[in-house]
Amino acid sequence: MNISLLAASVLVLAVLGFFIGRKRAVRAVHGNFAELNSLPAHHGTYVAVWCGLPAAIILVIGAFLSDTIIEAFLINSLPTAQDLSEGELGLLVNDIKNLAIGDIVAREVDPGLQAAANRYSALQTTTFMSLVVVTLVVAIAGLLASQRFITPMFRARENVERVIRVLLIASSTLAIFTTAGIVLSLLFEALRFFNLVPFTEFLFGLEWSPQTALREDQVGSSGAFGAIPLFAGTFLITLIAMIVAAPIGLMSAIYLSEYAPYKVRSSVKPLLEILAGIPTVVYGFFAALTVAPFLRDFGTAMGLEVSSESALAAGVVMGIMIIPFVSSLSDDVINAVPQSLRDGAFALGATQSETIKQVILPAALPGIVGSIMLAISRAVGETMIVVMAAGLAANLTANPLESVTTVTVQIVTLLVGDQEFDSAKTLAAFALGLTMFCVTLSLNVIALHVVQKYREQYD
Amino acid sequence: MTDIAHVQRLHFTSPGTKARLRRRRAAEARFRAYGIVAIVVSIAFLVILFGTIFSNAYTALEQTHLRLKVTFDASRIDPQNTGDLEVIRTGDFGGIVKAALRERFPEVTGRRDKRRLYAIVSPGAVFDIQESVIADPTLIGTSQALWVIASDDVDMLMKGFIPRDVPESDRRLNDKQIAWVDTLIADNHIEKRFNTRFFTAGDSREPELAGIWGAVVGTFFTMVVTVALAFPIGVATAVYMQEFAPKNRWTDLIEVNINNLAAVPSIVFGLLGLAVFLNVAHLPRSAPVVGGMVLALMTLPTIIIAGRAALGAVPPSIREAALGIGASRMQATFHHVLPLAMPGILSGTIIGMARALGETAPLLMIGMVAFIVDIPKGPFDPATVLPVQVFLWADSPERAFVERLSAAIVVLLMFLVLMNGAAVYLRKKFERRW
């Protein structure tokens, strides 16, 4: 018997409870529905909820906690547990678990280890059996107890609806929990990082080389965690992306909303939206294997030294990706400018381009700024293009032909692969993540505020 | 009066006015041209992007095979003639392939040359022959002409990606190897066949043996977990926020949170998954279940926002009619409003899923980048997904991976097109204008 079988039996019991409850309700009024306060199905659901919900909650909590409980019992029962460091203890526990399920064990199997493994298996069985017993007892108790409430005047519908309402509210708070989870996990790990590396060094240091020493006396072991080169690299690539995306996106939006006939507009707009739907890894591939070699060869032909991981390649491709963000948001904003403004300008004899440049764009400016800020926040947080096309070495340079690295690239390189979780190296990724989260969040908040305020102006 | 008319006539036809008008019209034409250029440039980018991918991808549909006369030497496979499959499994099939190659090219001597000769056949050929013998042990002792899979370098040569006219040291294949391939070509003993392995195999270090099926299955499990979590929670949230929530600080807070989560960079969700699901909850690394949970959190805002828009588009008269004949608010919502809003919610969900399908960065954080050969059997097995597979192959130096990853991208894009098409269809077919 395993967890999924247990969950299935709870489900079966709940379904059974539904039919029992419905039947009892019908029988309570001898088939005369009009005498029931609630529909028979509500009585059925009431029984099913009482049978299934508490049992399901116990099941989920039990499944999550059982491993921790078993481990705590196991460590308590080990005679040598107090003498071991945390890491050694972890390895020992891992070996015991592996031995218990018959996997490869990293050390000599002595009788003590075997006994511990047996104890572990026994603990596992006991814990699981008690979980099964508790869950099923709760389910059956709920099934039996709730039936006693079924009388013709029982307000089953209101009770059931109250439960559903609680479930709805619980779902909607998940958004808050997610935000809180993001902020807390980033903050918690970043604080641990700032215990190891001073906050000012991280924020203002000019050198980034995240090595940590394996031994105390290692040469060049002291890692440098100055994030300025990363911020500069991110800024450079974002800037290149915006130089590509802002004019193209804005001009496309102006043409589509002001000049293009309906037919062109309705076929070109979805085409531009396709650019936003392409997975970023595809852009990364395009940047790394097509654009970067092309720029390098082109640069060599022009007598320029272009790195094969140049900021230019990553920036240009990122700009292409961002075009639709700028264009569709600006399009909305331009369309929201009232027609009377255009008519007024035309009446004064302005040409269409003069109307756009001197009337519509100034009127739409806050919204356009907002859309460009949203696009910037998208570019700052973009990961795959830069991971695949930008470099790893932290160069502090403003030359777009050289290789730079970005915040997201460093987060990925620091965290991909198996790493101990308490070194400054991995924690640095969380500090970077926190910085990026703060920057993108404030950009978004400001941009949304600007766009919203602007919308209200013409509503 | 006549004076003014005279002045104006002069004014409109004066050379200065004409020049100004020309300038203004030229500026108008220029501005319009900028707009057209901008659109042409973005569409050109789109065309180049797709062109690059498709032109790289189509060659992956074929894989080069060599025809070799293989002798299933009993002394190498089953010397004691036991007929036991376990014994056969441990037979020296590598030796059989090598012997077949030596027999085909008897003129090759010298260890270095022999090693180069063996390199024109993929290591996978050995397993193929092993499997065919296990499937049919009567082959032992016979001699068969078989098509075996060629190495990736030979494959690249046959597809024209290894140029023959560069110096020998700049090529992955040397002159002798090319000469052997040429004899095979002359004898018609080498041909390109449909690459079924690409669609049925898991990942491999050898490009000619690598396939996308493992990643497709991993993607499937991940998406199932994502839908199973994000859809009910997203719909419940949308229903609560749109139909029941009182207007107060708490619901404002939820709303602000949802809007902000929609704009959080995806990699941050990966960091959340790493810190909470892996390090606190100790869920398995590289498992689709964790990937699905992270992607569900990421997709939730999309579903909620689409769901609220769809629910808001249902006219109040529907609710009022239901309430008027005695339904409770819950019944009015779940029996009438929600079913009417379902097409909109579903198409929003599909679009959210399409975004999740193409997402790579958060999955890198929770270890779904591991090199996994086996096809996952459930959401708790280590797995990878299609976009991550593309990323992994893009990191490999072999030229043959380029066509395979392009083909994987094409498969990914096809799924995306299907999903977006389904969303558009749902919207067009079922959405009502009130």
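**Notebook: domains and helix packing**

I looked up the domain assignment of chain A, which gives domain 1 (3–154) and domain 2 (224–458); such bounds come from an automatic or database domain assignment. The C-alpha centres of these two domains of chain A lie 50 Å apart.

I noted that this is a predicted model, in which local features need pLDDT of at least 70 and side-chain atom pairs count only at pLDDT 80 or more, while totals for chains, interfaces and linings use all residues. Residues are numbered from 1 along each chain as its sequence is written, chains are lettered from A and ligands numbered from 1 in the order in which they are written, and side-chain values use heavy atoms, without hydrogens and water.

For chain B I found domain 1 (2–58), domain 2 (62–201) and domain 3 (213–430). The C-alpha centres of domain 1 and domain 2 of chain B are separated by 63 Å.

Next I examined helix H5 (residues 156–196) of chain A and helix H11 (residues 213–244) of chain B, whose axes come within 8 Å and cross at roughly 105°. Helices are DSSP runs (H or I, at least four residues), numbered from the N terminus; axes are lines fitted to C-alpha atoms over the stretch in contact, and angles run from 0 to 180 degrees between N-to-C directions. H5(A) is therefore roughly perpendicular to H11(B) (65 to 115 degrees). The residues in contact (heavy atoms within 4.5 Å) include A:Arg165 and A:Leu168 of H5(A) and B:Ile233 and B:Phe244 of H11(B).

Finally, I recorded that helix H9 (residues 280–301) and helix H10 (residues 311–335) of chain A pack at about 135°, with axes 9 Å apart.

Notes: Helices (H or I, at least four residues) and strands (E, at least two) are DSSP runs, numbered from the N terminus. Angles under 35 degrees count as roughly parallel, over 145 as roughly antiparallel, 65 to 115 as roughly perpendicular and the rest as oblique.
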